[in-house]
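This tour is intended for a reader who has the model open in a viewer.

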Amino acid sequence: CTVIFTRLATRDLHKPISILFCNLAVSDLFTSFSGFWISMLFITNPDITIFGSKDMLAPYALYTTSILSTIYNLVSIGIERYLAVAESMRTRCRVARNHSIAVVFVSWVLAFFLGCLPLMGWNCLHAQRRVSVLYSPFCVDYLIFVAVPSVVAAFLVPLFTYLRIIIILRKRKLRMKACGQATGTYKSAESQVARTSISIWLLALVSYAPFFAGVVFDAANRRCHADLYPGAYIFRNCTATLITITCLGNPVLYTLKLRALGAKLKALRCLPANRVRACTI
């Protein structure tokens, strides 16, 4: 919420990348709310979160939509950063604000479409043979269809884009060094991108790899719910916790530079006071 408020209220942050950052915060907020909804269902009626029920379709669909939107945003941010660095000398190829808005719209439409497929009929409420053990009443086929391409994109696209950024920065640093110019800015940018990209990739690996492992386990499993209780469901809850940690880690990695954010919030807080003082004068 702090990221969303700061991005919307500060004019100098109305840039293409800021739109993607703000949308990422919205996706993380939706993930947190839907996860809280599922947690409340677990507290009030644990059996429906284990054995499955029609009541679980809507919260699981919203949860899936939020996670997919977060993944699409992470991929979009990586691509935008690569284009900003690779095409910085070609102004006509720069990413415009309209491009970011279009990407946000497409990502949400795609996330809602894929996430709501179980509500449209692709579920296993009446077909127990292919029902997911961990995320019943979702079908195993649906989880594989959604999880495999999304997790692969979350791992490979950021890895490729940020590696390319580091390579481009290193080439420019060597080119400037050969010309006898100062390279301190490029060296600092290269190290900062390297640290950030490694953190982003490790966070995605730690967060989504267990979920992907759970989907693979679902596909290979031949035992019923009672045989897997409680170990498999403890693992499922741990994967949900890791995804929530991702929602907390994304703002820190992408936007929350604490000193800069504190200065922005202080400036925003001082605006009403300055207006009152001006009116008094």
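At roughly what angle do the axes of α4 and α5 cross? The coordinates come from a predicted model. Select α4 and α5 together: their axes cross at roughly 145 degrees and come within 8 Å. The crossing in which α4 passes α5 is right-handed.

**Stop 1: the contact of α4 with α5**

Keep both helices on display and show their side chains. On the α4 side, the residues that meet α5 are Ala 61, Thr 64, Thr 65, Leu 68, Ser 69, Tyr 72, Asn 73 and Ser 76. Their counterparts in α5 are Val 103, Ser 107, Trp 108, Leu 110, Ala 111, Phe 112, Leu 114 and Gly 115. Colouring this contact by residue class gives 9 nonpolar residues, 7 polar residues and no charged ones.

Next, select Ser 107, which is placed in helix α5. Is Ser 107 buried or exposed? Ser 107 counts as buried because its relative accessibility is 7%, below the 20% limit for that class. Setting aside residues up to four places away in sequence, Ser 107 touches Asn 23, Tyr 72 and Asn 73.

**Stop 2: the whole chain**

Of the 281 residues in the chain, 43% are buried. Where contacts join residues at least 6 apart in sequence, 76% of them link residues at least 24 apart.

**Stop 3**

Select Leu 20, which lies in helix α2. With 3% relative accessibility, Leu 20 counts as buried. Leu 20 touches Asn 73, Ser 76, Ile 77, Glu 80, Ser 100, Val 103 and Val 104, again not counting residues up to four places away in sequence. Draw a distance from Leu 20 to Ser 100: the two are 80 residues apart along the chain, yet their C-alpha atoms are separated by 6.6 Å.

Move to Ala 25, also in helix α2. Ala 25 counts as buried, at 11% relative accessibility. Apart from neighbours within four places in sequence, Ala 25 is in contact with Val 3 and Ile 4.

Then select Phe 30, placed in helix α2. Phe 30 is partly exposed, with a relative accessible area of 34%. Leaving out residues up to four places away in sequence, Phe 30 touches Leu 62, Ser 66 and Trp 108. Its C-alpha is 8.7 Å from that of Thr 65, a residue 35 places away in sequence.

**Stop 3: the nonpolar cores**

Which residues have the most contacts inside the largest nonpolar core? Select Tyr 135, Phe 138, Tyr 142 and Tyr 208, which hold that place in a core of 37 residues. At least two residues of this core come from each of α2, α3, α4, α5, α6, α7 and α9. A second, separate core has 16 residues, including Ile 77, Val 85, Tyr 162 and Ile 200.

**Stop 4: a cis peptide bond**

Select Ser 136 and Pro 137. The peptide bond joining Ser 136 and Pro 137 is cis, with omega at about 15 degrees. Pro 137 is placed in the loop between α5 and α6. For context, most peptide bonds are trans.

**Stop 5: annotated regions**

Finally, colour the ranges that an unreviewed UniProt entry gives as "transmembrane region": residues 17–40, 60–79, 100–122, 142–167, 200–220 and 232–256. Two of these ranges may be inspected in turn. Residues 100–122 are 70% helix and 0% strand, with end C-alpha atoms 31 Å apart. Residues 200–220 are 100% helix and 0% strand, and there the end C-alpha atoms are 30 Å apart.

How values were computed: Residues numbered from 1 in each chain as written. Heavy atoms only, no water. Core = buried A, V, L, I, M, F, W, Y, C linked by side-chain atoms within 4.5 Å. Buried < 20%, exposed > 50% of the residue type's maximum accessible area, 1.4 Å probe, protein only. Helix = DSSP H or I, 4+ residues; strand = E, 2+ residues; numbered from the N terminus. Axes fitted to C-alpha atoms, helices over the stretch in contact; angles between N-to-C directions. Left-handed = near helix turned anticlockwise from the far one by under 90°. Contact = heavy atoms within 4.5 Å. Nonpolar A, V, L, I, M, F, W, Y, C, P; charged D, E, K, R; others polar. UniProt positions renumbered as here; feature names shortened; annotations may be inferred.
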